[in-house]
Amino acid sequence: MPKYARTMPLSEHTESVQDYLKTIFDIQREHGRVATTALAERLGNSPASVTGMIKKLAALNLVEYEPYQGVVLTPAGEKIALEVIRHHRLIERYLAEALGVPWDQVHAEAEKWEHVLSEDLEDRIDAVLGYPTTDPHGAPIPKRDGTLPPPHTTRLSDLQTGQSAMVAEVSDHDPAMLRYFAELGLRPGVDVTVVAVAPFGGPLTVRLDDVEHAVGREVAGYVVVCDVTL
């Protein structure tokens, strides 16, 4: 498989730069132009610190930044972000499949490995796993050429009573939530039906394998679904 060209080796960018670009990509993919406040909240850094780093990234031609207008990645910045994300999600898949690491632990471990994975090891992991397209949580793995399919945008919390769908992806931001999803059986590839929706922001009653569960509206917002039917 041909390797896509890189403007600079990943190792020439600091871990902090890589983390910023990866996070900007994630937010941009969901919401478009990224506000510095949203980036600060996601990274757990102060707005002043985030603004300082964004200016550095802009000077490196990795982002486009306008004060009070937010930030977007340049093609060079997006390429780096996608490579880091590819490393991260391949590592998660490898840890889960080859080493049996629970899906609520792979994210934290992958955070440590993603910055130092060599191209050779990346390709070997990809081949050993059979060139997977998603990580253990259903998130798509960027291809070797840096492409990524458009995201699914429907969330379990969007469904109405009587609608069914297949779970496409679950958020890996909270290990405790992942353990809760596992207890319910809410995993990628599983069919789910909304039995009832409580009014005034109340919970959803969902059916999984003929068992009904009450799921809070906020929690249901972290489950992305596809193939919605009435």
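Predicted model: local features only at pLDDT ≥ 70, side-chain atom pairs only at ≥ 80, totals over all residues.
A polar contact is a pair of N or O atoms within 3.5 Å.

**View 1. Gln163 and the backbone of Gln160.** The backbone nitrogen of Gln160 lies 2.7 Å from a polar atom of the Gln163 side chain. Gln163 sits in the loop between strand S3 (154-155) and strand S4 (164-170). Is this residue buried or exposed? Gln163 has a relative accessible area of 17%. Buried means under 20%, so Gln163 counts as buried.

**View 2. The surroundings of Gln163.** Leaving aside residues up to four places away in sequence, Gln163 touches Asp158, Val192, Thr193, Val194, Val228, Thr229 and Leu230. Val192, Thr193 and Val194 are among these contacts, and strand S5 spans residues 191-197. Val228 and Thr229 are also touched; strand S8 covers residues 223-229.

**View 3. The open sheet.** Which order do the strands take? The sheet is open and has 6 strands, in the order S3-S8-S4-S5-S6-S7. Their pairing is antiparallel. S3 and strand S7 (211-215) are the edge strands, each pairing on one side only.

**View 4. Strand S4 and its two partners.** S4 is mostly covered, with 5 of its 7 residues buried. On S5, S4 pairs in the antiparallel sense over 3 bridges. Here Met166 has Asp191 as its bridge partner. S4 is also joined to S8, by 5 bridges, and these two strands run antiparallel. Val167 stands opposite Val225 in S8.

**View 5. The S6-S7 pair.** Strand S6 (residues 204-208) pairs with S7 over 5 bridges. The sense is antiparallel. Arg207 stands opposite Glu212 in S7.

**View 6. The two domains.** The domain assignment gives domain 1 (10-77) and domain 2 (156-226). How far apart are the C-alpha centres of domain 1 and domain 2? The distance is 31 Å.

**View 7. The annotated span 14-74.** An unreviewed UniProt entry carries the annotation "domain: HTH dtxR-type" for residues 14-74. In the model this span is 62% helix and 13% strand. Its end C-alpha atoms lie 18 Å apart.

**View 8. Confidence and the start of the chain.** The protein chain averages a pLDDT of 92, and 95% of the residues score at least 70. Over residues 1-6, pLDDT stays under 50. The model has 17 contacts beyond four places in sequence for residues 1-6.

Terms used
Residues numbered from 1 in each chain as written. Heavy atoms only, no water. Domains from an automatic or database assignment. pLDDT = per-residue confidence, 0-100. Contact = heavy atoms within 4.5 Å. Helix = DSSP H or I, 4+ residues; strand = E, 2+ residues; numbered from the N terminus. Buried < 20%, exposed > 50% of the residue type's maximum accessible area, 1.4 Å probe, protein only. Polar contact = N/O pair within 3.5 Å; in protein donor to acceptor, adjacent residues only side chain to side chain. UniProt positions renumbered as here; feature names shortened; annotations may be inferred. Pairing = 2+ DSSP bridges.
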